[in-house]
Every structure is written in structure tokens, then in C-alpha cells.
Amino acid sequence: MPKGASQEAPDHPEMPGGAVAPNIARIRNFWLGGNHYSESDRALAERIELCGPHIPYLVRAQRALVRRQVRYLAEQGVDQFLDLGSGLPDRGYVHHVAQEVNPACRVVYVDLDATLAADAEELLAGTSGARFVVADCRDVGAVLDHPVVREVLDPARPFAVLMTELLLHVPDSERPEELVAAWVEAMPSGSHLVVSHFGEDEDVLAGFRIFERLKFGRFPEVSLRPRQRVAEFFAGLDLVEPGVVPAPLWRPGPDDETVLNPEDVGMFAGVGRKR
């Protein structure tokens, strides 16, 4: 499922007995084989699968993509990562991959959803150089000045900013290019911007429509964008080869899931370097 700054599933503001409402980040955790989800998360995940059976695959493909992007950057010497709209920092995610390449790598996960904080702290318990912060990534200065961010990262040194499906939840009316530009401006020379973004995928849209037609609720508003539009977010940056491409084609590894027609996958990815 597309994710950005993690949102609670709509139309489920309260659950019987005080249970926590289904949450996109925890639903993703269920699909990725984690254990930080509730029964209501599992139930909603199964409804989503019924309407869009390919969506769990896209979530797995996106996770594999992030692992490749982070590994590539760590191998290039990047040792600081800021993951915006991170969701849960569960197994096999940014700090695991980066610190496998270089144990000195430091990672801060940033998400607006305060309900994830306790699970995030549990997942990061005992991990050196990785923290979770509740903050609004639209306020660049507030994120970079956050005491935990300052404790873990040195914003004066090059770092990588990850926007994994973050921009999906930023409509054109909120000027996503300006948000990206603000982050790029705040990054020192040698830093990297990492973006993945769902494209104008008719299968995804059809799944949303079926979900609503079956009265399962409403999906959050999302902004699906074509490849060229995603490429525009890298204005002024040097694109890392192979540029902005469908996710399975961004430096695929031997252990990635086999895709019959990778060029048709409606999710685009790219990495840009600031001079």
C-alpha cells in the first residue's frame, strides 16, 4: 500500500473496546511479515488484498527497493540517513541495511503519527545510532533542529533524505516541488535525495474503487504521478544511474522477486546527488 507520513485508515476513528484504529504503517508491517499490528490492522489488510491482490507485492517491492537504495548509498560512503514519513522501522529496513555495510551509519526515522512511537522505540531498543522522532516533515527547520536529530546526525555533513512514497500524500495544491526544494536547499553539498512514488497505475485505482464500492471505507486521498513528474522532483540534482525508472529496474539485485514485465510496474524510483 502506498505510504507517506503514516495515516490512520479513514472511517475508523474509534474501535470497540478502545482498540486502536487500523493504521497504514501497521498494515504494511503485517504484509512484510512483522508482528507489530493489531487484529483490526490484519482484518483491513485482508480486505485491501481482496480488492487489490497485487498491493502486498508492491509493498514488498518497495521495501526491496529501499534496501537497494540504502545499500548503494552506504557503499558510496554515505553514513547519515533521514527517513521522512518512515512508518515503523521494522526488520530489514534502513538502519539494518546501512549498518550492515558500515556499522558507523546513523539513521533517524521521522513520522507525524505519534501512535507509532512506542512500537518504534521497541523495534529500535538496543540499536546504536538509530532513533525515531515524531515530527512534521513539512517543517524542514523544525526537523533538522529537533534535539534527537541533532544528537544522532550532523546536518552540516552530507546526509541522505529518503522520501519513500511521502510525496504520494502531498497533493499538487500543497506544492510538493516546494517541499522537495526546501529539503534540497537545507542539504549540504554531497547529500542525496531518494524518492519512490506510485505512478498512474490503473490497477491501484481500480482496487481503491472496488474497496469503496464494497463499503469497506474510503482510502486517503493520494496523488499518483507519471514518471516525468517524478523526475521533476530531482531538478538541480545529479541523477544516479539508471535515473528515474520503474522500481524493479533500479539496480536490481539477485535476491529480488522476479517480475515478468518490470517496465510496467507503476512505481518509480530515483536517487539524486547535490553538487
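Author: A cavity is a set of grid points where a 1.4 Å probe fits but cannot get out. Keep in mind that this is a predicted model.

Reader: How many cavities of 30 Å³ or more does that rule give?
Author: The count is two.

Reader: What makes a pocket something other than a cavity?
Author: A pocket is an open set of points, whereas from a cavity the probe cannot get out. The largest pocket here has about 550 Å³ of space. Its lining has 27 residues, and A64, R67, R68, D256 and E257 lie nearest the centre. Helix 3 gives the most to that lining, with 10 residues. Sorted by class, the lining of the largest pocket has 12 nonpolar, three polar and 12 charged residues.

Reader: Let's zoom out. How many helices and strands are there, and what share of the residues counts as buried?
Author: There are 10 helices and eight strands. Of the 275 residues, 55% count as buried.

Reader: Why is a set of residues called a nonpolar core?
Author: The members must be buried, come from a list of nonpolar types, and be joined through side-chain atoms within 4.5 Å. The largest one here has 41 residues, and V70, L73, F81, V94, L162 and W250 have the most contacts inside it. Helix 3 (residues 55-75) supplies its largest share, nine residues. Another core, of 33 residues, lies apart from it, and L167, M187, V244 and F268 are among its members. In soluble globular proteins, nonpolar side chains tend to be buried together.

Reader: Which residues does F81 touch, leaving aside those up to four places away in sequence?
Author: The list is V70, L73, A74, V94, A98, C105, R106, V107, V108, L153, A160 and L162.

Reader: And which residues of helix 4 are buried, and what covers them?
Author: In helix 4 (residues 94-101), V94, H95, V97, A98 and Q99 are buried. Their cover includes helix 3, strand 1 (80-84), strand 2 (106-111), helix 5 (117-124), strand 3 (130-134) and strand 4 (160-164).

Reader: Now salt bridges. How do you know that R26 and D119 form one?
Author: The cut-off is 4 Å between a side-chain nitrogen of Lys or Arg and a carboxyl oxygen of Asp or Glu. R26 and D119 come to 3.2 Å, N to O, so the pair qualifies as a salt bridge. R26 lies in helix 1 and D119 in helix 5, so the pair ties together parts 93 residues apart in sequence. Both R26 and D119 are buried. A search of the whole structure finds 15 salt bridges.

Reader: Why is R229 called buried, while E177 is called partly exposed?
Author: R229 has a relative accessible area of 18%, under the 20% cut-off, so R229 is buried. E177 has 32%, so E177 falls in the partly exposed range. Salt bridges that share partners join D172, E177, R225 and R229 into one network. In the bridge between R229 and E177, the closest N and O atoms are 2.0 Å apart.

Reader: Last one: where is D139, and is D139 buried or partly exposed?
Author: D139 sits in the loop between strand 3 and helix 6 (140-145). Its relative accessible area is 42%, between the two cut-offs, so D139 is partly exposed.

Conventions
Residues are numbered from 1 along each chain as its sequence is written. This is a predicted model: local features need pLDDT of at least 70, side-chain atom pairs count only at pLDDT 80 or more; totals for chains, interfaces and linings use all residues. Side-chain values use heavy atoms; hydrogens and water are left out. Buried means under 20% relative accessible area, exposed over 50%, partly exposed in between (1.4 Å probe, protein chains only). Helices (H or I, at least four residues) and strands (E, at least two) are DSSP runs, numbered from the N terminus. Contact means heavy atoms within 4.5 Å. On a 1 Å grid over the protein atoms alone, a cavity is a set of points where a 1.4 Å probe fits but cannot get out, and a pocket is an open set with protein on both sides within 12 Å along at least five of seven lines; lining residues have an atom within 4 Å of a point. Grid points are joined across faces, edges and corners, and a volume is the space filled by probe spheres set on the points. Ala, Val, Leu, Ile, Met, Phe, Trp, Tyr, Cys and Pro count as nonpolar, Asp, Glu, Lys and Arg as charged, and the others, Gly among them, as polar.
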